[in-house]
Amino acid sequence: MEALEATRAQSLIEGFASEVRAMDDNFLVWLGHIGQERSFRNALRRAVNQAGGGRRTSGSGKARFVGSRIGRGAATGRVLANRDGFGASRARRVIVKARYVKLAGKGAKAALAHLRYLQRDGTTREGERGTLYGPEADVADGKAFLERGAGDRHQFRFIVSPEDGQHYEDLKSLTRRLMQDAEKDLNTRLEWVAVDHYNTGHPHTHIIVRGVDDRGKDLVIAREYISRGIAARASDIVSIDLGPRTELEIQEARRSEISAERFTQIDRTLLTSLDEQGLAPVWHRDPFEQSVRAARLGTLARMGLAIEEEKGRYRLDPDLEITLRIMGKRGDIIATMHERLKARPELAPHEYAIFEPSKDHAIVGRVQARGLSDEHEDRHYMIVEATDGRTHYVDLGHDLADGAMQGRLVRVEQARFGTRIADRNVAEIAAANGGIYSISKHLAHDRTARREFAETHVRRLEAIRRAQGGVERQLDGTWKIPEDHLERVEQYEQRLAQSRPVKVEVLAERPLEQLVQHDGPTWLDRQCIAQDPEQLQGRMGGEVRGALQRRRQWLIEQGFAEQEGNTVRFRANLLANLQQRELRRVAGQLSEELGLPFAENRHAHVEGTYRRAVQIGGEKYAVIEKSREFTLVPWRPELEKHLNQQVSGIMREAGITWRRGIDRGGPEIS
């Protein structure tokens, strides 16, 4: 039936087109209501697409499946998304961002961290801590909410931001009415919590919805309802509360976009009104709209993003939207830096910089602030006062950069992603074995390879399988590898680069002043003996320069260096000697605490009970207790799962490979 309706509609369009071409009169036929910018033909084509025709049909004429109608609220979302006319133009605008979040694996832990962050200090009008609320209670228990959803497959997160939210004394009433409408549209009760934020220019509400319906089944919401339906419902509520937008408000909103250095609604209108030559006309039947277009085109011309080729007709830059969005993002970043650093007037705004991993060299500096750049997508940022004389905004992506807390010295550089030798090995071995990879096939293919080396390839395949699929683990433990495996790995690595664009290394846990007399190796010592030390400029560079001078004097006093005139000569193996000195000091303290003597590990094999981790300088060590003594070896995060358990490991150049229990070929834990 849908295909038949599409055929009839297409025939009607072709009939109109032939009639227009047959007319001898030299005028343009414009079907539709006066004042509408789009022709009747466009409206009819849209109806054809919705009926299953146009781009939604396959070559056989059958409607192509696009998935947008799957789930609850599909019909309602489609109706709300296609509302048009005078009322829609005067409706109060509400921006709704929606996100579907899986809770499997690390998702549950991330959900808890997200909920805690939403309730952080400084989000209310009074600068206090945000408070969760629910459908009825003004104070909700977030921990209990997550416990009830512990077995859920997913959850939905929404950010509802009314354009006129500043007129609301409290957003709770708006949120509750919106969720009541959503329950009616989706025909199910929803369990949710929310928190209102007033820490930005636009008050907004974060809503977290459990991913189950009132029967305990997985809640599936149609894409059309999520993308357009919820925003339309919110717009209706705000329009009822505050009344429709007046003509003056609409005009003021349009005027505010004329000089904006970001992508605006005017720009979107200009891009959709290009003529046959690809030029944007100034002319419009509405005098006010024409004046707004002319002013905006003048602004774009001054930015170098538009050229007037004919009188009143402009050629827009092909990358207009991309360029303006980048400019808008940079403006938001500078505003964020200014807000976070207003307590540090000595950090001048003209020294602000945005760290671009693909262009900039690595930077070293002190962390001044951290936060979320995108609360919806959980993207983090960090502000670093660097030794190059500038203060950098660093996009961390989804990386929390553990340890890089405020005040600590860090090094930031581009994260390196790409195909590895292991990926090429897997592809080569699979190609030689009918598309199948396994450890046994690897060892048969390469007689020099060790089993531990082949096992690293399996861990790599498992990580790729969980992230994007493409590789398939068989029941017998073998792996089915596609022919385009390397291309798929490249795509996987590109997504990782977007998720974590930089690598952050903590250089010092202590402030610079405490490093000067620290009884162990420090970053200052590495700078003293480096062949290519950091270039020190600006305020931060001056602080480091002073700390280096005081550290050299301390090393001379301790006998680790000597001064000849203006030259300071350091003893050989300076860092190793400092490390041994600190190791012995910490070991002595642990010996008194444990009641056991310390024995330095001089063998490739280590075995004992893992007791805890200790921080020695910039490194973490594992305390391995034996029957009559204990030793210290480099720590690995995997050991925390085996606290107070018997472990064994083999020392290698790349680190330690640990096994649970006595080394009898048991499962590796790293």
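Here are some questions and answers about the cavities in this predicted model.

User: How many cavities of 30 Å³ or more are there?
Analyst: Happy to start there! In this predicted model, local features need pLDDT of at least 70 and side-chain atom pairs count only at pLDDT 80 or more, while totals for chains, interfaces and linings use all residues. Residues are numbered from 1 along each chain as its sequence is written, and side-chain values use heavy atoms, without hydrogens and water. A cavity is a set of points, on a 1 Å grid over the protein atoms alone, where a 1.4 Å probe fits but cannot get out, and the count comes to four.

User: What is the volume of the largest cavity?
Analyst: Grid points are joined across faces, edges and corners, and a volume is the space filled by probe spheres set on them. For the largest cavity that gives about 70 Å³.

User: Which element gives the largest share of the lining of the largest cavity?
Analyst: Lining residues have an atom within 4 Å of a point, and here they include F158, L178, M179 and Y225. Helices (H or I, at least four residues) and strands (E, at least two) are DSSP runs numbered from the N terminus. The largest share, four residues, comes from α7.

User: How many charged residues line the second largest cavity?
Analyst: This cavity holds about 40 Å³ of space, and R157 and E375 are among its lining residues. Asp, Glu, Lys and Arg count as charged; Ala, Val, Leu, Ile, Met, Phe, Trp, Tyr, Cys and Pro as nonpolar; and the others, Gly among them, as polar. The lining has five nonpolar and three polar residues, and the charged ones number two.

Methods:
1 Å grid on protein atoms, 1.4 Å probe; cavity = no way out; pocket = protein on both sides within 12 Å on 5 of 7 lines; lining within 4 Å.
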